[in-house]
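Here is a short tour of a two-chain model, taken one topic at a time. Please keep the structure in view as you read.

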Amino acid sequence: MTALLEAIDVSVHFATRAGKVRAVEGVSLAVAAGEVLALVGESGSGKSTLGFTLAGLQSPTSGAVAYAGRGLDRAGWRSVRRDIQIVFQDPFGALDPRMLVGDIIGEPLRVQQIGTAAERRARVMQLLDQVGLPAESAQRFAHEFSGGQRQRIAIARALAPRPKLIVADEPLSALDVSVQSQILNLLADIRAAEGLALLFISHDLAVVHHLADRVAVLYLGHLVELASRDELFERTAHPYTASLLAAVPRLGRKRTRGGLSGEMPSPLAPPSGCVFHPRCPKAQDLCAESAPLLREVTSGHAVSCHFPLGGQG
Amino acid sequence: MLPTAATTQTLLATEDLRIRFGAREVVAGVGLELAKGRTLGVVGESGSGKTLTALAMLGLVPAPGMVSGSMRFEGQELLGLEEPDWRRVRGGRIAMVFQEPMTALNPTMRVGRQIAEAMVLHLGKSWHEADIEVLRLLDAVGIADAPARARAYPHELSGGMRQRAMIAAALAGRPGLLVADEPTTALDVTIQAQILDLLADLRAQTGMAMIFISHNLAVVGEIADEIAVMYAGRIVERASAERLLSSPRHPYTQGLIATLPNPEHRTERLATIPGHAGDRPATGCRFAPRCGRAEEACLAVEPALISVSAGHDVACVLA
């Protein structure tokens, strides 16, 4: 596996009046060329902060982000900007209502001075077709479109400079259920056609299971489990991942009662030892005392737990 | 098996409920029936009219919305009630829990006071009596350290705690019916599971009926006895939860179920429903432009909700 985009021991802290918020703590992971890596977690897990850091929207407090093996400083980011594009959760807030859709999609090309004006127009038409919108959409405003269509516009814009990787932050959450599967299929098509990598940030495990090649689970800023999709869902090793999977309502399956109690603690004052220990059904004395290190239980399956499930100690 | 009229008592019944904003009819003839102690799930997407239907049950349809039809609760017609009469019903016999507790709770009022208010207004308790009852209610909804939480302001609580506090406030007036509009949508899945368990427990303890509104079929399937699916202002299918999820008859319901990714049967491509809910024909079935099975007959007249088997109603000429 060649790493395309890498987080190397990344921590992101925010200074607030109430104290230091430890949003991301010492996370290392890599997205390979062409793969879909999902970042999964609940609110406060740090998944969006980590995603934004990997997209260059947020500087790490410590650690580094590397692209194609090179650490990125400010100048480095400028040179890789067109290779890494972003799709946001809210297609209503992310598109300028005063711009024509054609200009919105072509903007990254204009800013990066890619191609001539005629070439850019041709590329916009090609992109509209690729995301399933009629050509005349270019001459309309974003507010004339439904949520799903706006997300198609946002995806077309992200694709415009032919990126190697797209960071998608909850791209389905603001959409109606009947439209989500359209966008999921579109993302899968694009990925197959363009061979691009996707860092897919989501709280929806069913969607993640459908789309992701590998899954990284975050809790309170820590990477607690990282594995291929099938490994993670079939041989879950971290008790938090198991609780998360059990909590998801699913058609035709009765959820067992007595799931996780309590709530995620404040990142202002994370618990001692393993950050999950106060809510963990398997916690023992050791868990409150020492923080487990992320280690491989089987090839490619890493977990940060003193007592992983399935006896994979 | 659905309960029959002989074994249960109707708590709420709407007939031909319509809500109109100017020329736009947003709810177009909804008939619902709910027996005491039962839970009805209402499923729909944005624009389905599910939230306005719920607001009508509390006399909260915003101006200039016009509500017509009939809505009887405990034998009393609610439509046409004046605001002072609504205030006796709302928060008393019918209570509501909203999606976003931060906007539904008063940010300038301590949580305990807001819960006590319903008891003073609807049960004629003194503030002192109500304050004591608040602690019991907070405890019942799983809020630890109730005395401290009662003194807190809403912004000092987490999202999950706020939703618990709002449920406590809704229960304070001892409602016969709790209307919950997307009560878990803003919450994380582990917290959602806790709130679903809590609502199921409270329903069992108090015997209250519940209308649970959500865009999420799987969530509704966990808590509802019966499910009504709404599309573009109308009910398109209605059945027991088990039947609706296992043998859906309306193409929209079938589509909603088929588009969900299923971790047990992963496929490379998902089924889709083309277009979006804004696509509406001038006449006939509102779902026809998005329906893979639509025929000419579908655009002739709007299909009525008719029974296809006992307790299972579908509004589709092809069903």
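## Chain A overall

Chain A holds ten helices and twelve strands (DSSP runs numbered from the N terminus: helices are H or I with at least four residues, strands are E with at least two). Its radius of gyration, taken over C-alpha atoms, is 20 Å, close to the 20 Å from the globule rule for 313 residues, so chain A is as compact as a globular protein of that length. That rule is 2.2 Å times the number of residues to the power 0.38.

This is a predicted model: local features need pLDDT of at least 70 and side-chain atom pairs count only at pLDDT 80 or more, while totals for chains, interfaces and linings use all residues. Residues are numbered from 1 along each chain as its sequence is written, and chains are lettered from A and ligands numbered from 1 in the order in which they are written.

## Where the chains meet

Turning to the interface, 30 residues of chain A are in contact with 34 residues of chain B (C-beta atoms, placed from the backbone, within 7 Å). On the chain B side, α8 (189-206), α9 (217-223) and α11 (251-259) each supply at least two residues. The most come from α8(B), with six residues.

## A hairpin in chain B

Strands β1 (residues 10-21) and β2 (residues 24-35) of chain B run antiparallel and are joined by nine bridges (strands pair if DSSP finds at least two bridges between them). Phe21(B) has Arg24(B) in β2(B) as its bridge partner. Two residues lie between the strands of this hairpin, and Gly22(B) takes a positive phi near 60° there.

How values were computed
Two residues are in contact if their C-beta atoms, placed from the backbone, lie within 7 Å.
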